[in-house]
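Thanks for coming. I will take a few minutes to walk through one structure, starting with its helices and ending with a charged pair.

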Amino acid sequence: PNVDGPATQLGIQKELHIHFRLRRQFSSLRLAKECVMGTSVIDSNNFVLSLLVTVFIQLAFYVGAVITRSENLYDFAGGLNYIVVFVLTLGLANDVSNTRGIVLTIMTSLSRAYLAGFLLFRVLTRKGDARFEEARENPLKFLVFWVFQMAWVFLISSPVIYVNGSGADPELGASDYIGFILVGVGTLFEVAADVQKFFFRKDPSNRGKVCNVGVWAISRHPNYFGEVLIWWGAFTVAVLPIQDREDYWALWVVLSPLFTMFLLLFVSGIPMAEGQNLKRFMKTEESKERFMEYFNSVPPLVPCFPSIYGILPGWSKCLFCCEFPMYAFDEQEQALRDAEKGQKDRKEISSAGPEDNAAA
């Protein structure tokens, strides 16, 4: 055939035109992607995807909780959320053979699976959660708890999300092994603490007594100590990938263990169990004396042997073992509270009508 004919030349020109047009489109798409990646590096590590998945899961469980007027699946939803995010980000990783990501995902997922199962069992056994007594009947107040859990899960998960999504896979180093050990020891501490306390409380002879067996003999809240170790371990594993890619912006994932410590030390952990909430151990002089002996010889979080902790000066207990003044029971404050409550009760009785008094 005549390849130099007009029709053939026209066909070649059309093909070249299409070829160059496709190349320009491809180059434009690649440039756009690079611009997006450059201005929003978080997207490249699946942080946004993880946040969207977290919001979806929590809202789905929230709707179910509002319909059933039950908070029983609240902690379970948190645990499931962690696992979904960890497995999803690992599955989307560029290098599916990333040993660091695989090991960290498995270890943290196992710790979340255990915790979700245990907390679900506990709430079903107790038939309710006191945290939600006032909120469960008000959908807006109830929503606050779920929004908080969205932020909590996303922030605490951040080291694992980064390790899985960064694409960095330097050779395993000392920080990785230290991190794996911290996650493992933390999980064991958490499991041991929960199991030991469960069987301690199950024994009727221990009613009204403080749990001081096993790991509870060296820490007043060993389960919280385990939780803190897990997320410090996860952050430690993220250190080498951050250095390898020089993603120093990603050091913000240290907020994972820091936020965990902040919550447990100052918000929803130890403050909810100690301080004026220790009144349950002050009902008799005998129980008070027994508890104060335990309180003064066992640290609140970081484990220490009673024989050593008992002789430490107050400043060192506060600095190294997190023994803050807010954890102590204040008898004078409790007396004022009791007096105010008694006065309020008397006012309510006096303001009630004769029929109400007679009925009472």
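When I say helix here, I mean a DSSP run of H or I that is at least four residues long, and helices are numbered from the N terminus. One caution before the details: this is a predicted model.

Let me start with the stretches that carry an annotation. The UniProt entry, which is unreviewed, marks residues 47-66, 73-93, 99-121, 142-162, 174-193, 224-243 and 249-273 as "transmembrane region". I will pick out two of these. Residues 99-121 are 100% helix and 0% strand, with 33 Å between the end C-alpha atoms. Residues 174-193 are likewise 100% helix and 0% strand, and there the end C-alpha atoms lie 28 Å apart.

Next, how helices pack. Two packed helices are described by the angle between their axes and by the distance between those axes.

Take helix 2, residues 47-68, against helix 3. Their axes are 10 Å apart, and the angle is about 150°. Angles over 145 degrees count as roughly antiparallel, so helix 2 is roughly antiparallel to helix 3. The crossing of these two helices is right-handed. On the helix 2 side, the contact includes Leu49, Val53, Ile57 and Phe61. On the helix 3 side, Phe76, Leu80, Val84 and Leu88 are among the residues that take part. Sorted by class, this contact has 10 nonpolar residues, six polar and no charged ones.

Now helix 3, residues 74-91, against helix 5, residues 139-165. Here the axes come within 10 Å and cross at roughly 30°. That is under 35 degrees, so helix 3 runs roughly parallel to helix 5. This crossing is right-handed. Helix 3 contributes residues including Tyr74, Tyr82, Phe86 and Leu90, while helix 5 contributes, among them, Phe145, Trp146, Trp152 and Ile156. The class count for this contact is 14 nonpolar, six polar and no charged residues.

Last, the charges. Side chains of opposite charge can pair when their charged atoms come close. A search of the whole structure gives nine salt bridges. One of the pairs is glutamate 190 with arginine 112, at 3.6 Å from N to O. Glutamate 190 sits in helix 6, residues 174-202, and arginine 112 in helix 4, residues 99-126, so the bridge ties together parts 78 residues apart in sequence.

Terms used
Residues numbered from 1 in each chain as written. Predicted model: local features only at pLDDT ≥ 70, side-chain atom pairs only at ≥ 80, totals over all residues. Heavy atoms only, no water. Axes fitted to C-alpha atoms, helices over the stretch in contact; angles between N-to-C directions. Parallel < 35°, antiparallel > 145°, perpendicular 65-115°, else oblique. Left-handed = near helix turned anticlockwise from the far one by under 90°. Contact = heavy atoms within 4.5 Å. Nonpolar A, V, L, I, M, F, W, Y, C, P; charged D, E, K, R; others polar. UniProt positions renumbered as here; feature names shortened; annotations may be inferred. Salt bridge = Lys/Arg side-chain N within 4 Å of Asp/Glu carboxyl O.
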